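Let's take a walk through this structure together, one piece at a time. Have a look at the whole thing before reading on.

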Amino acid sequence: MPTWFRSLLGFIIGALAGTIVFIAVRAIGGLPLLSADLRPLYAMAVFSGLVGLMLGIDKELGLPRGLVGMAAGFVVGILTTVGIRSLLGLTPWDSERVWVVGAFVAPIGFLLGVGALSDWLRWIVGIHTPDQHGPPPGKPGWFRYFGFDQNHKVIGIQYTVTGILLMGVAGTLAMVFRTELLAPGLQFLKPDTFNTFISMHGIIMIASILLGVGGMANYLVPLMIGASDMAFPRLNGFAFWITVPSAILIVMAIFFGGWDTGWTGYAPLSVRTVMGVNLFLIGIFFFGFSSILGSANLIVTALKMRAPGMTLFRLPIFVWAMLATSLIQLTATQFIGLSFLMVVLERNLGMEFFNAALGGDPLLFQHLFWFYSHPAVYIFILPGLGIVSELLPVFSRKPLFGYKWIALSSMAIALLGFMVWAHHMFTAGMPNALRLPFMYTTMLVAVPTGVKFFSWLGTVWRGKLFFPTPMLFVLASIAVFLIGGLTGPPLATVPTDLHLHDSYFVVGHFHATMFGGFVFPFFAALYYWFPKITGRMYNERLGRIHFALQTTGFYIMSLTMARTGLLGMRRRIADYDPALNIQNLHVIMTVAGFAIFIGVLIGVYNLVVSARRGEVAVMNPWGSRSPEWQIPSPVPEHNYEEPFEVVGNPYDYGLPGTAYVRMNGHEKVAAPGTAALPAR
Amino acid sequence: MRHAINVTIIIIVCVFALLFIANNVQWMPVQGSAEAALIDRLFNLHIDTIIVLYVLVNGILLYSVFVFRRKKDDPSEGVYFHGNTTLEVLWTIIPLITVLYFAFLGANVLQKTLEAADDELQVVVTARQWTWSFEYPEWGIASTELNLPVDRRAHFVLYSEDVTHSFWVPEFRLKQDTVPGQEHHLRVTPTRVGTYKVRCAELCGTSHAYMEAAVNVMTPEDFEVWRQKRLGIYVPTEGEAGVEPQDPVALGQQVATSAGCTACHSVDGSALVGPTWKGLFGKTETFADGTTGVVDEAYLHESIVNPSAKIVSGFQDVMPKNYGDILTETEINGLIEYIKSLQ
């Protein structure tokens, strides 16, 4: 059978199977076999059809097997619950509870299906399995990207691509509700749909950022420190694949009424709202495993697997940033998992943690939530700031100014990040005895952040700057993160925060930190390492168009957001009072938002097309001293043929005759970029 | 050195230009309270600091981008230097002192906003999905609008009946969450006669966007008149033509907004949390228990003061139960007339 025929057949069988499962579940629930709204059925049929299509292409592909496992997990969970409930003499079908148990079992089914647990299960019964290198025998090269693989570069790309896909989903949602806000009154969204969309936009973007961080960390850290892989390759694959069912659970919530709590899921609203909220809470609970396991892996890798001579203060600065990030991820993620789990338990088992009427405490949720979610912001930005520090010397042809200060400022931010969480609660009704100390600690964060800014300025000062797309994104990161940073202190000062809190000022501030601290550096990293990953160059012209649209669009949007907030625009509202006179500002924000959206689309198009058709890249197009640029592109399966030795400082650009690494007996002295780059 | 002088001159010029512009921008809504004046002064100090730092960083960055760029085919590297401990210490210490000073100022202003006064007016604020109500325990009156006398310190005691909401009047610049099961306090001295809105600032579910109520800051005389009318003890002064009768439909329309009805009941036919009011009067409704009934004045009155009595099929029993207490009979009748007018 030709592949096209098998995939078509697979699609049809899959769609039919999906339809049957859908009807069967409704039958178990004692509901009419078809719902009035047929959209969930269509979605299920198309989705399972695609699974069938993928299986038709190759029945050993991990991703569709995982999805089938996930569906099986749901069925097992639902049937078990129905069974237990009938044994207990309860009504067998309770929509919320059966789906909640299903959602807890489904990710396990996915992991079994995709093969993330296979080796470990074999080990338990005493079967030895060797490390896996390269695509499975007899399979094409692309095969490994759609299934469980142990290579850090494959996993890095899996993280990155999944992150970009989720960014697309969340960005599209933003465009929908930004369009709704063009005028006062409700245009085409109902309030509940609006609330669901903003909630999904927030949490899916956060998932996307965590995936982007995981992508950069996995691909770059082993390469930068001269390791052949991460310390625990199977754990690494597991940490990626658990994010996929988690993300699916979150998106699935939309078929269960969505949820209207925002990404923060504050109790008691999250306890009282529709059942879709469960899937969001459980999805994030499982997503947390990825952060915890991935960071444990990274810390061990960075501390134990460095090349000879790579002392801590000769570590690439990005690795420092990732170490700081991982310390937060390893120790804080548990708290968001805990707080979300507590809401699920309160909803489904009547454990009234947050119900004041029964002795619970609504503020407890906020404390637990922010104890992770504030440090989480530093998880999002520290890697990005690391990218800025990493790239700036290369494009300035000068040493990184104040290397040790920058490295330690990341650690200082990570540490301080744990002491500031309650600044999100200045208006929540905390005692003043807590408001004041949290104001002081929050203010302190400005100090190490300032050190980074000033050190970057020291780095570009009297350099020989050149401006290919990655450098443009680095400069934009600094300019945009500056807005985010400077709008911070008015929020940290309690009295001004009493006005600004929960207003669009916060929305502007937060988006500026996220774009400056993650989105711009992420794209800088994508363009910068693109030739290393694919062996081809991206299109410089499209890169510049992407840069221009995203930078101007974002600059205008975030400043306008802040302005609107001062005037009284609240965050997360489906409609605004025309009397506030802010419609023009909303039009500006929407247009600017679309500029960003189109810019990102052009960027993604550039990367996708150039990966196949771009010019073949030279080995070291940027003239970098870093070891990964001294080996062929794309990087060979085992990274370095022979281990290299670190013989100098990473960023001593402009000090003649020095090198960072000695490889195969040669010191790798970097010259300024020789690729076909414009001088300006 | 030449570069340092150049960039310093550019930065100083730009800082003064931007400070001049910033000082002529109306950043905030009108100042409606004594606290607003204090908070705005602190905010303006923040803005000035932001401008200095913004120009400093961007000035050096842009200067470098334009002046220190590599010429075409220039193979040389930048000037080699990799740090300066004195500078690093300076730009650690100076920001440290600055932010601590801001925190100190912040603590002082916070202290002032918390001070109690002897003659303060206590108002009990209750938030629920998605309406506000205000009670004045001193006189036992309740209202859906927040009426305050100017220049008298008001003391809000804040409660929530369901989820977390947040009390925010942008013109007052202060915000306080209302938390179920907890009592919170907020004090404000309104200083400007005018009409504002309290806007719920904490996402509280479906109709969060519409959870607003009118705030009327009045002269003490007007407030006294309102208080007496509310208590039913108002005696018109000589020459005053008594209480001018208001068009009931107009009154109803006003109450519909101020009491938060329109957060859940649309007037254009679209279904929100509750049934729409368009074409409601005279319609035959089916109730949750299967019975039916024609919408007349008696039904509307009952549905306002005792909303649980009859629930229209397809809707939930979520409407607040206290409208009978916080609306006057005139206001309820106005509402009914307004609903009748929506055909």
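**From the whole chain to its details**

Among contacts in chain A between residues at least 6 apart in sequence, 81% link residues at least 24 apart; two residues are in contact if their C-beta atoms, placed from the backbone, lie within 7 Å. Keep in mind that this is a predicted model, where local features need pLDDT of at least 70, side-chain atom pairs count only at pLDDT 80 or more, and totals for chains, interfaces and linings use all residues. Residues are numbered from 1 along each chain as its sequence is written, while chains are lettered from A and ligands numbered from 1 in the order in which they are written.

What is chain A built from? Its secondary structure comes to 22 helices and 3 strands (DSSP runs numbered from the N terminus: H or I with at least four residues for helices, E with at least two for strands). The radius of gyration of chain A is 25 Å, close to the 26 Å that the globule rule gives for 680 residues, so chain A is as compact as a globular protein of that length. That radius is taken over C-alpha atoms, and the rule is 2.2 Å times the number of residues to the power 0.38. Along its principal axes, the C-alpha trace of chain A spans about 80 × 65 × 45 Å.

Now for some helices. After helix 21 of chain A comes Gly568(A), with a positive phi near 115°. In helix 22 of chain A (residues 583-613) you'll find Leu601(A). Leu601(A) sits 433 residues from Gly168(A) in sequence, yet their C-alpha atoms are 8.5 Å apart in space.

The strands form an open sheet of 3, in the order 1-2-3 (chain A), with antiparallel pairing; two strands pair if DSSP finds at least two bridges between them. Strand 1 (645-646) and strand 3 (666-667) of chain A are the edge strands, each pairing on one side only.

Finally, where does chain A meet chain B? The contact takes 76 residues from chain A and 75 residues from chain B. Helix 16 of chain A (residues 446-460) gives the most to the chain A side, with 8 residues.
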